[in-house]
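Please look over the sequence and the model shown here before reading on, and keep both at hand while the text moves from the overall fold to single side chains.

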Amino acid sequence: MRRRIWGMTSHLSGNAVTEIEGVVLGFLCHNENREIFQKDIETAFCVRSSTASRLLRHLEEGGFIERHPSSADARLKQVVATEKAWALNHQIEERIAAVEADLSRGIPTEEIEAFMATLQKLKQNLL
């Protein structure tokens, strides 16, 4: 599934975007109503500061993010998704929906719901 989604989306933006970069852009787009900083990305994705810094620098060079001074503390730089990031995120979400539709074709809704409930229970068992 990952190969189908990311193999088809890396060319969508006109720039090469890695899977983790796409996921970070999705995170930014889905958290648009709060200030996100590099530290938040480090925590959310369990990556080192140097890794997050490199990732964000690449996204900034590609025009997918901008860094703005925080409204609460000008020393902090808020990471903000650009229109280019929003457009790519929309394309990625469309691709994910298409892959999900392919996966679930011919399977009754009740079976999918039961499967998802079982996955949730399995996930809870790991916590």
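Predicted model: local features only at pLDDT ≥ 70, side-chain atom pairs only at ≥ 80, totals over all residues.

Residues are numbered from 1 along each chain as its sequence is written, and side-chain values use heavy atoms, with hydrogens and water left out.

The protein has 6 helices and 2 strands, where helices (H or I, at least four residues) and strands (E, at least two) are DSSP runs numbered from the N terminus. Read along the sequence, these elements follow the pattern α-α-α-α-β-β-α-α. The C-alpha atoms fill a box of roughly 50 × 35 × 25 Å along the principal axes. The accessible surface, calculated by the Shrake-Rupley method with a 1.4 Å probe and, for residues, with only the protein chains shown counting as cover, comes to about 8700 Å², and 55% of that area belongs to carbon and sulfur atoms. Of the 127 residues, 28% count as buried; here buried means under 20% relative accessible area, exposed means over 50%, and partly exposed lies in between (1.4 Å probe, protein chains only). If contacts (heavy atoms within 4.5 Å) are taken between residues at least 6 apart in sequence, 52% of them join residues at least 24 apart.

In soluble globular proteins, nonpolar side chains tend to be buried together. A nonpolar core is defined here as a set of buried Ala, Val, Leu, Ile, Met, Phe, Trp, Tyr and Cys residues joined through side-chain atoms within 4.5 Å. The largest such core in this model has 21 residues, of which Leu25, Leu28, Ile41, Leu59, Phe64 and Ile65 touch the most other members. Two or more residues come from each of helix H1 (2–9), helix H2 (19–30), helix H4 (49–61), strand E2 (77–81) and helix H5 (83–104), and H2 gives the most, with 5 residues. Ile41 shows how such a residue is surrounded: leaving out residues up to four places away in sequence, Ile41 touches Val24, Phe27, Leu28, Ile36, Cys46, Val47, Leu55, Leu56 and Val79.

Is Val47 buried, exposed or partly exposed? Val47 counts as partly exposed, because its relative accessible area is 26%. Beyond its neighbours within four places in sequence, Val47 is in contact with Ile41, Glu42 and Ala52.

Glu42 is found in helix H3, and it counts as buried because its relative accessible area is 11%.

Lys39 counts as exposed, because its relative accessibility is 56%. By this rule the count comes to 4 salt bridges. Among them, Arg67 and Glu60 meet at 3.2 Å, N to O, with Arg67 partly exposed at 27% relative accessibility and Glu60 partly exposed at 35%. Arg105 and Asp102 meet in another at 3.6 Å, N to O, where Arg105 is exposed at 61% and Asp102 is partly exposed at 28%.

Ser70 lies in the loop between strand E1 (65–69) and E2, and counts as buried because its relative accessibility is 7%. A polar atom of the Ser70 side chain lies 3.0 Å from the backbone nitrogen of Ala72. Without residues up to four places away in sequence, Ser70 touches Glu35, Phe37, Leu76 and Gln78.

Notes. Polar contact = N/O pair within 3.5 Å; in protein donor to acceptor, adjacent residues only side chain to side chain. Salt bridge = Lys/Arg side-chain N within 4 Å of Asp/Glu carboxyl O.
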